[in-house]
Amino acid sequence: MSEKLRVGILGGTGMVGQRFIALLENHPWFEVTTIAASPRSAGKTYEEAVGGRWKMDTPMPEAVKNIVVMNVNEVEKVASEVDFVFSAVDMSKEEIKKIEEEYAKTETPVVSNNSAHRWTPDVPMVVPEINPEHMEVIKYQRERLGTKRGFVAVKPNCSIQSYAPVLTAWKEFEPYEVVATTYQAISGAGKTFADWPEMVGNIIPYIGGEEEKSEKEPLRIWGKIEDGVIKPAQSPVITCQCIRVPVLNGHTAAVFVKFRKNPTKEQLLEKLVNFKGVPQELNLPSAPKQFIQYLEEDNRPQVSLDVDFENGMGVSVGRLREDTVYDWKFVGLSHNTVRGAAGGAVLCAELLKAQGYIEKK
């Protein structure tokens with residue numbers, strides 16, 4: 001019997017579910033033993049259930065092809081097969097909240113890629129390099145759920161990964177006002193160009209719900225645990241526009257920042273490239289060695305050159321320069337389905353294992 005933890009993927013046939021399966025192939029700590037999806041996929045092998053809809057650029061791992069897909073709604077049955085689950089289910093927010101808590105109540109930890117629980121006050125929403133201490137709120141959540149080992153933890157929205165880590169690196173200079181425009185890849189909508197031909201050569205200046213998430217979620221990440229819940233930070237104030245662009249993978253952000261203190265360019269760059277956190281200190285399997293890289297060339301970061309930096313788990317920054325209205329401006333880039341989605345959730349699970357929250361049943 002493998003010493004690896006047995007992992008279930010809820011919503012395993014969709015794009016983020018597929019990314020989980022691709023990332024977990026040969027993972028040193030975790031092994032995908034169970035895949036659950038909608039009733040229409042249940043009873044088929046994973047290969048049959050996905051059919052021609054495999055969207056990753058690497059082949060489907062051999063180890064999962066013959067796993068028989070379970071019905072995600074048969075919570076007790078799925079939970080009995082696994083040590084913990086990743087959730088990428090495609091349901092309404094209320095349905096997701098309900099089913100993730102149902103899994104948690106079977107004493108199965110849930111690490112979710114979904115947005116449904118991001119504002120549940122006792123659910124940690126974590127970028128492991130930024131706010132690993134928020135996992136401590138789990139003890140209060142367990143009291144509410146009546147569980148000993150079950151809980152829900154989430155990762156934040158993909159759109160903030162290209163600028164929230166940068167602002168965190170600059171925290172001591174007290175950024176207080178931020179304007180960000182994100183240029184977001186179509187895989188963020190679970191699509192490829194084959195699915196969404198109208199995106200070829202096109203830009204759509206609206207992504208439902210994304211601007212509010214991009215403005216508010218960083219404040220929750222920078223918040224503090226008080227009275228058993230996470231209280232969001234009050235600053236910096238962020239205003240955002242989110243635009244869909246004809247790129248497959250990679251969200252780019254153009255960002256303007258005002259600081260209360262007056263940092264030099266050298267100070268800002270030094271903080272960026274030296275910024276690291278608990279994942280780097282613990283050498284977690286999915287942690288990038290270099291979390292943020294700075295590129296000196298005027299035409300970087302570029303999606304085609306830089307999106308896979310540190311296997312898609314790193315953030316690339318360029319064009320840091322003084323601004324005539326704000327203090328400084330820069331361009332950031334992150335991989336939206338790796339760091340921004342499944343990879344970020346895998347790193348959260350590694351952190352939870354290292355902190356003792358996830359263990360064998």
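Trainee: Over the face of which residue does Arg-220 lie?

Mentor: Keep in mind that this is a predicted model. A charge counts as sitting over a ring if CZ of Arg is within 6 Å of the ring centre and within 35 degrees of the ring normal. Arg-220 is placed at 5.9 Å from the ring centre, and the residue whose face it covers is Trp-119.

Trainee: Which residue in β11 is the bridge partner of Tyr-183?

Mentor: Strand β7, which covers residues 175-184, pairs with strand β11, residues 251-259, in the antiparallel sense over 8 bridges. Within β11, the bridge partner of Tyr-183 is Thr-252.

Trainee: Why does the pair of Phe-256 and Tyr-326 tie together parts that are apart in sequence, and how many residues apart are they?

Mentor: The rings of Phe-256 and Tyr-326 form an edge-to-face pair, with 6.3 Å centre to centre and 65 degrees between the planes. Because Phe-256 lies in strand β11 while Tyr-326 lies in the loop between β13 and β14, the pair ties together parts whose separation in sequence is 70 residues.

Trainee: Is Tyr-326 buried or exposed?

Mentor: Buried means under 20% relative accessible area. Phe-256, at 29% relative accessibility, counts as partly exposed. Tyr-326 has a relative accessible area of 14%, so it is buried.

Conventions:
Residues are numbered from 1 along each chain as its sequence is written. This is a predicted model: local features need pLDDT of at least 70, side-chain atom pairs count only at pLDDT 80 or more; totals for chains, interfaces and linings use all residues. Side-chain values use heavy atoms; hydrogens and water are left out. Two strands pair if DSSP finds at least two bridges between them. Helices (H or I, at least four residues) and strands (E, at least two) are DSSP runs, numbered from the N terminus. Rings of Phe, Tyr and Trp (its six-membered ring) pair if their centres lie within 6.5 Å; planes under 30 degrees apart count as stacked, over 60 as edge-to-face and the rest as tilted. Buried means under 20% relative accessible area, exposed over 50%, partly exposed in between (1.4 Å probe, protein chains only).
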